[in-house]
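Please open the model in your viewer and follow the selections below in order.

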Amino acid sequence: RKKYNIDVRVKSEVVAIDRAAKTVTVRRGDTGEEYAESYDKLVISTGSSPSRPELPGIDSPRIKQLWTIPDMDAVIAAVKSRGAKRVAIAGGGFIGLETAENLTALGVEVSIIQRPNQVMPPLDFEMAQLLHQNLEENGVKLYLGEGVTGFEDDGNTVRVNLKSGRSVEADLVILSIGVAPNGAIAGAAGLALNQKGGIVTDSHMRTADPD
């Protein structure tokens, strides 16, 4: 604030936008108190959240996401403190592969479950074969072209059920199946959203509301 004249409100969340009044409703995280803050121009940069599909058993405490530093701490604690030896990663994109590499370095038995028939879908299929070879040489088990249909937690391990009828047993499951945009607050304010919940903009990132 002193250097750049920027007023930063930490532990605060914008919970509503009033486009007619040109105000946002801000909720204080510590007290729950709400107040209105006016704006001339509003930038919505609410980001995204990890996708968590509504699958049977997905609420098991042994199913984690890797999104924040506390998430990372929880995964490391599960491996180092609670002795998770087998980890199944649902998703073979950037985060899934980074997670697999680091867990393998910790001596964990890793399985990657990927709905497409290759990891890293942006790569050409032929290039992905090099990744498949490297992963398997490092002990990672690949389940490609497989969709997850649900989870069963027996109190000790989690069974990941696959579309083919196969299953993967794991002490810990990490979901790495992409993200969903946090566009709900914009939609509630009457701004257009696309089918995935993202805010519709023009080529200059402007919404239909000029402010």
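This is a predicted model: local features need pLDDT of at least 70, side-chain atom pairs count only at pLDDT 80 or more; totals for chains, interfaces and linings use all residues.

Start by selecting residues 125-137, which form helix α3. At 1.5 Å a residue, its 13 residues should span 18 Å, and the end C-alpha atoms lie 19 Å apart, which agrees.

Next, show the side chains of Ala-128, His-132 and Leu-135, the buried residues of α3. They cover an arc of only 65° around the axis and therefore sit on the same side of α3. An α-helix has 3.6 residues a turn, so residues three or four places apart point the same way.

Turn to the other side of α3, where Glu-126, Leu-130 and Glu-137 are exposed.

Now move to the largest nonpolar core, which has 19 residues. Select Ile-89, Leu-103, Val-110 and Ile-112, the members that touch the most others in this core. At least two residues of the core come from each of α1 (69-80), β6 (86-90), α2, β7 and β12 (172-175).

Center on Val-110. Leaving out residues up to four places away in sequence, Val-110 touches Val-87, Ile-89, Ala-100, Leu-103, Thr-104, Gly-139, Val-140 and Lys-141.

Finish with Ala-90, Val-158, Val-160 and Val-173, which are included in a second, separate core of 15 residues.

Key:
Residues are numbered from 1 along each chain as its sequence is written. Side-chain values use heavy atoms; hydrogens and water are left out. Helices (H or I, at least four residues) and strands (E, at least two) are DSSP runs, numbered from the N terminus. The expected span of a helix is 1.5 Å times one less than its number of residues. Buried means under 20% relative accessible area, exposed over 50%, partly exposed in between (1.4 Å probe, protein chains only). The arc is that of the directions from the helix axis to the C-beta atoms. A nonpolar core is a set of buried Ala, Val, Leu, Ile, Met, Phe, Trp, Tyr and Cys residues joined through side-chain atoms within 4.5 Å. Contact means heavy atoms within 4.5 Å.
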